[in-house]
Amino acid sequence: MAERITTADVVHVAALARLELSADELELFTGQLAAVLDHAADVEALELSEVVPTAHPLPLVNVLRDDVVHRSLDRHEVLDAAPSVEGHRFRVPPVLGEPS
Amino acid sequence: MTEWETVIGLEVHCELATATKLFCGCRNAFGDEPNTNVCPVCLGLPGSLPVLNRGAVELAMRLGLALGCEVRPSLFHRKNYFYPDMPKDYQISQYDQPVNVDGVVELADGARIGVERAHLEEDTGKSSHVGGGGRIHEADHSLVDYNRAGVPLVEIVSRPDLRSSEQAKAYVNELRAVLLATGASDARMEEGSMRVDANISVRPVGSSVLGTRCEVKNLNSTRSLARAVDYEARRQIELLSAGEQVLQQTRHWDEADGRTSPLRSKEEAFDYRYFPEPDLVPLSPEPAWQAAVGEALPLLPAARRRRLAAATGAGAASVAMVVERGLDDLVLAALEAGGDPGRLMVHAEHDLAGATGALDATAFAGLTSMEAGGALTATQAKAVLAELVATGGDPEAVAGALGYEALPGEVLAGAVDAAIAANPAAWDRFLAGDAKVAGFFVGQVMKATAGKADGKAVTALLRQRAAS
Ligand SMILES: [Zn+2]
């Protein structure tokens, strides 16, 4: 059976999620993710052509709120929680040129 | 030599004119103090949960129905990416099951441009780049304002049905008119409440296969859009003519340089890993709600153009201009009040570009009747119209006050006969078919009547005299 997931896939996904994984962790998570995919494959193997896909586990649609303004947070409180602030804005490192 | 055809599809993002954001009750407002309209939901704080705004759904449906879309049950997905303009590290959007599908935008010249989908999503925060002259590549750091994060957007994706920069511009203008008519958005490109990305490719005329496309971003006006389409089409044709290939890439329009350039590959190495948003249940607007929204739609620009054309018999360009200026209701009311269709359209197209001020339909109708009946010359009518716009009143009274008393028919006829009698040589030339002499006679009659004569009426009398 072809491998469901390779270490390279996990490296890629970890990079997208900005996770730094050790070699041990890579091996551990590759195995765990493969088990998740195995489970999905088990479900896929069932005869499900008559079953409507589940969009959401809750049997609800149209949970809506009225378009009414609520009080926002106090700006001082919000910016106090930020690591760095300039001109009432969140100061963040340059977006590009980040280490790969 | 190969002849080329440009193929364009547009993605237009519009901020919806709601009071609050898409998933929280923070104000949706442009130009507020930075980071004053933020809360745990739109800041992506742990434990906060989004709740969908009914008003945003209603506006999205209104737009969808105005574009003739089918409103369908839909889902929200998370579009994952790391960028500080989205504090959650994902944007909630609609992916494979959008709320509106399969619509059409009808242009003023009758062309019908397909709309693939118009889906709901949330806007991102606004970053400004500091250092490096504001250029993103060289920025020292960025500053983020989250007032815009979570503002409701619709993204309207056209089919690749557009064939020229002019048509692309016309599409955006028409879409803007629909957005304004439905009240879905204020659609201001300069304030960023309407943003346009263009997918552009070229192919040999006659081919039905799409060429490799480039997506062009940073189009801040319809003028930029038109320039970028022309530039990009030329660039691609040059490549293909030289035997090279067009690379599928995202390109950035530089308004000052008048060129597009590729974004660094890192910027487009997106892998969004869409998955269903577990915190939101499906949206499935019930038929009664859809029907109510549909019934409340105003008459849309395309329908207004058809109505005005049918009522006045005017050409497509005049009709489009008058509807674009919002003068069609006035023209139709004046027509109802007995106005002259031709003169009403001429004035609406040429003389009412600014405001209509104090002008009402009855006065407008009266003015054009006087004009059509020969009581006012075209020049006089224009002056009377300006007065009606400025102060209102009755056109006959205004004409009287301006000294434009209609010349009694017999006075005009007498002046024409006197001019003929006084200039026998000129009259002989007129009789011999020298049409230019008519101008001379009009001048003579004008002089004799202190400018009150209507040039067209004089010419008609001259012809009548010549024929008898
Ligand atoms: Zn909020």
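Helix H3 of chain B covers residues 222-241, and its 20 residues reach 28 Å from the first C-alpha to the last, close to the 28 Å expected at 1.5 Å a residue. The expected span is 1.5 Å times one less than the number of residues. Helices (H or I, at least four residues) and strands (E, at least two) are DSSP runs numbered from the N terminus. This is a predicted model, in which local features need pLDDT of at least 70 and side-chain atom pairs count only at pLDDT 80 or more, while totals for chains, interfaces and linings use all residues. Residues are numbered from 1 along each chain as its sequence is written, chains are lettered from A and ligands numbered from 1 in the order in which they are written, and side-chain values use heavy atoms, with hydrogens and water left out.

The buried residues of H3(B) include Leu225(B), Ala228(B), Val229(B), Tyr231(B), Glu232(B), Arg235(B) and Leu239(B). Buried means under 20% relative accessible area, exposed over 50% and partly exposed in between (1.4 Å probe, protein chains only). An α-helix has 3.6 residues a turn, so residues three or four places apart point the same way. The cover over the buried residues of H3(B) includes helix H2 (165-182) and strands S1 (4-15), S11 (194-204), S12 (214-219), S13 (249-254) and S14 (259-262) of chain B. H3(B) is followed by Gly243(B), which has a positive phi near 80°.

Leu219(B) belongs to strand S12 of chain B. Leu219(B) is buried, with a relative accessible area of 4%. Beyond its neighbours within four places in sequence, Leu219(B) is in contact with residues that include Ser224(B), Leu225(B) and Ala228(B), as well as Met189(B), Val196(B) and Trp253(B). Contact means heavy atoms within 4.5 Å. Val196(B) is 23 residues from Leu219(B) along the chain, and their C-alpha atoms are separated by 6.0 Å.

Just after H7(B), Gly326(B) takes a positive phi of about 75°.

Chain B comes to 16 helices and 15 strands. Its radius of gyration is 30 Å, well over the 23 Å that the globule rule gives for 468 residues, so chain B is more spread out than a compact globule. The radius is taken over C-alpha atoms, and the rule is 2.2 Å times the number of residues to the power 0.38. Chain A has 3 helices and 3 strands, in the order α-α-β-α-β-β from the N terminus on. Its radius of gyration is 22 Å, whereas a compact globule of 100 residues would have one near 13 Å.

The table lists further values by chain. Accessible areas come from the Shrake-Rupley method with a 1.4 Å probe; for residues, only the protein chains shown count as cover.

| Chain | Extent along principal axes | Buried residues | Accessible surface |
|---|---|---|---|
| Chain A | roughly 60 × 45 × 20 Å | 21% of 100 residues | about 7,800 Å² |
| Chain B | about 95 × 55 × 45 Å | 49% of 468 residues | about 20,800 Å² |

Chain A has 7 positive and 18 negative side chains, with the centres of the two sets 17 Å apart. In chain B there are 45 positive and 62 negative side chains, and the two centres lie 3 Å apart. Lys and Arg count as positive and Asp and Glu as negative, with His and the chain ends not counted; the place of a charge is NZ of Lys, CZ of Arg, CG of Asp or CD of Glu.
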